[in-house]
Amino acid sequence: MKTISENACFGGTQGVYSHASAACACDMTFAVFLPREAKDGPVPVLWYLSGLTCTHENAMVKAGAQVWAAEHGIALIFPDTSPRGEGVADDEAYDLGQGAGFYVDATQKPWADHFKMWTYVADELPALIAENFSIDMDRQAITGHSMGGHGALTLAMGLPDRFCSVSAFAPICNPTSADWGRKQLSAYLGDDEATWGPHDATLMMEKAGFDGPILIDTGTTDQFIDLLKPEALSAAIAAKRQQATVRLQPGYDHSYFFVSTFMEDHVAFHADALYAD
């Protein structure tokens, strides 16, 4: 693991690191915020998965999460959204290829050689984090924005007992029924739609749900709301009688102005779960 930068931040440290990923067969970059409490022992952690076109840097710089994480003594992890570099497949469209991994393990060419983001976020990066940082891996929570909200919800439901809580900002809720989803899932996983279900939060909610609290915020003037399909996930949550708070925030769009506005709520929500007896 290589240290790219480390900066003092709200009494703790905001670091950026890179490593050679076996899962993605390329170098991957990620960021970790450690609160001051990490100097005295392992602290709980909140994962933040970013959306289309983003890297580890977008949320690290724009979400305003560090101040609230420092207040609660929680670490933050910001992974990248896809493999990158020469030899890594890409597409001219912004919503496929580099910057658009969709948190799945691709099985189709040309993506299968590198696009293993499920394995990277679920297995490889957590192992690296546990080995190198003062983080309590028995106390994990996860959140994300847009494509990252999709990833947070599907990872939380797909990895039972891993996360104490899950939240999402404007998540892609029903990708098997939306243009933000069908295009990417068919490209990465093939035309057999049976393989898509484990990566659709609405279908996963209908089948299994999540053994813990959920918080979801979406803006009513989100320019992509028809692609996000929050009503599909809300219906599945109601039918499942899942413990969840789903909020439509009037006047807010899809931007990081929206994310940063409600970040305090989300970090506090996760702190309640992470520090629960």
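The model is predicted: local features need pLDDT of at least 70, side-chain atom pairs count only at pLDDT 80 or more, and totals for chains, interfaces and linings use all residues. Residues are numbered from 1 along each chain as its sequence is written, and side-chain values use heavy atoms, leaving out hydrogens and water.

Start with strand S6, residues 135-144. Helices (H or I, at least four residues) and strands (E, at least two) are DSSP runs, numbered from the N terminus. Seven of the ten residues of S6 are buried, so the strand is largely enclosed by the rest of the structure. Buried means under 20% relative accessible area, with exposed over 50% and partly exposed in between (1.4 Å probe, protein chains only). S6 runs parallel to strand S4 (residues 43-49), and six bridges join them. Two strands pair if DSSP finds at least two bridges between them. Tyr48 has Thr143 of S6 as its bridge partner.

On a 1 Å grid over the protein atoms alone, a cavity is a set of points where a 1.4 Å probe fits but cannot get out; a pocket is an open set with protein on both sides within 12 Å along at least five of seven lines; lining residues have an atom within 4 Å of a point. The structure holds one cavity of 30 Å³ or more. About 30 Å³ of space lies in the largest cavity. A volume is the space filled by probe spheres set on the grid points, which are joined across faces, edges and corners. H3 gives the most to this lining, with three residues. The lining includes Trp47, Gln140, Ile142 and Arg162. By class, the cavity lining has eight nonpolar residues, one polar and one charged.

Now turn to helix H5 (residues 179-189). Its buried residues are Trp180, Gly181, Gln184, Leu185, Ala187, Tyr188 and Leu189. They cover an arc of only 165° around the axis, which puts them on the same side of H5. Helix H7 (225-228) is among what covers them. Gly190 follows H5, with a positive phi near 100°.

Trp180 also lines the largest pocket, whose volume is about 190 Å³. Other lining residues include Cys54, Tyr94, His145, Phe224 and His254. The pocket lining has six nonpolar, six polar and no charged residues.

Terms used: The arc is that of the directions from the helix axis to the C-beta atoms. Contact means heavy atoms within 4.5 Å. Ala, Val, Leu, Ile, Met, Phe, Trp, Tyr, Cys and Pro count as nonpolar, Asp, Glu, Lys and Arg as charged, and the others, Gly among them, as polar.
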